[in-house]
Amino acid sequence: MSSCTSCTAGQYCAETTLSVTVPCTQGHYCPTGSVLPLACPAGTYNTNTLSTSDSACTPCPAQYYCDEEGMVAFNTNKQCASGYIRTAGASSAHPIETLSSAANRKCPTGNYCSTGATSGTPCGNGKFQNSYAQSSCKSCPPGYYCSGTGLSTPTGDCLAGYTCFDSATTSSPT
């Protein structure tokens, strides 16, 4: 009586018999019984051989994206685009997930995001940003003032009898 056995985890069996086993390659993982190595998903990479599960696939580091399956390492030339926030596990330079996705999202209003940003930087005093996914803030327009940081709209109109120029920070400039 013969018994069936599965190919060992960390390896794959290239043939229907177990006589030829192949070590699982970098960028992949091989659970028990694998006929072919399984690629780590986009957003991850794997530098190890003989991996047995997808838990061996490391999320791409914050600031970078891993846009291919089966990556062996992340590419330092693949930084997220300006205007976007990246935490670990991003799979594209621009958002493809929803605005609330932690790994791949647009920079919020009141902030700007430089290339490779892991969080938004609040707009400074005299500036605001009313749009998502921006790499800079807008100067407060003449006739208005912007007091405080992280504003998504100007604070208000200048007081009667005062002239507020570009980037005013008070309603009654001197």
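Here is a short walk through one loop and its surroundings, with one last stop elsewhere in the chain.

Keep in mind that this is a predicted model, where local features need pLDDT of at least 70, side-chain atom pairs count only at pLDDT 80 or more, and totals for chains, interfaces and linings use all residues. Numbering runs from 1 along each chain as its sequence is written, and side-chain values use heavy atoms, with hydrogens and water left out.

**Stop one: Pro 61.** Select Pro 61, in the loop between β6 (58–59) and β7 (84–86). Strands here are DSSP runs of E of at least two residues, numbered from the N terminus. At 23% relative accessibility, Pro 61 counts as partly exposed; buried means under 20% relative accessible area, exposed over 50%, and partly exposed in between, using a 1.4 Å probe and protein chains only. Now bring up Tyr 45, Phe 74 and Ala 88: Pro 61 is in contact with these, leaving aside neighbours within four places in sequence. Contact means heavy atoms within 4.5 Å.

**Stop two: Gln 63.** Stay in the loop between β6 and β7 and pick Gln 63. Its phi is near 85°, a positive value in a residue other than glycine. Gln 63 is partly exposed, at 29% relative accessibility.

**Stop three: the rings.** The structure holds two aromatic pairs. In one, the ring centres of Tyr 64 and Phe 74 are 5.2 Å apart and the planes are at 40°, so this pair is tilted. Both partners are in the loop between β6 and β7, ten residues apart. The rule is that rings of Phe, Tyr and Trp (its six-membered ring) pair if their centres lie within 6.5 Å, with planes under 30 degrees apart stacked, over 60 edge-to-face and the rest tilted. Tyr 64 is buried at 16%, while Phe 74 is partly exposed at 29%.

**Stop four: the core.** Which five residues form the largest nonpolar core? Select Tyr 45, Cys 60, Tyr 64, Cys 66 and Met 71. Such a core is a set of buried Ala, Val, Leu, Ile, Met, Phe, Trp, Tyr and Cys residues joined through side-chain atoms within 4.5 Å. Centre on Cys 66, whose contacts beyond four places in sequence include Tyr 45, Cys 60, Met 71 and Phe 74.

**Last stop: Ala 133.** Jump to the loop between β11 (127–128) and β12 (138–139) for Ala 133. Phi of Ala 133 is near 60°, again positive in a residue other than glycine, and Ala 133 is buried at 19%.

How values were computed: Helix = DSSP H or I, 4+ residues; strand = E, 2+ residues; numbered from the N terminus.
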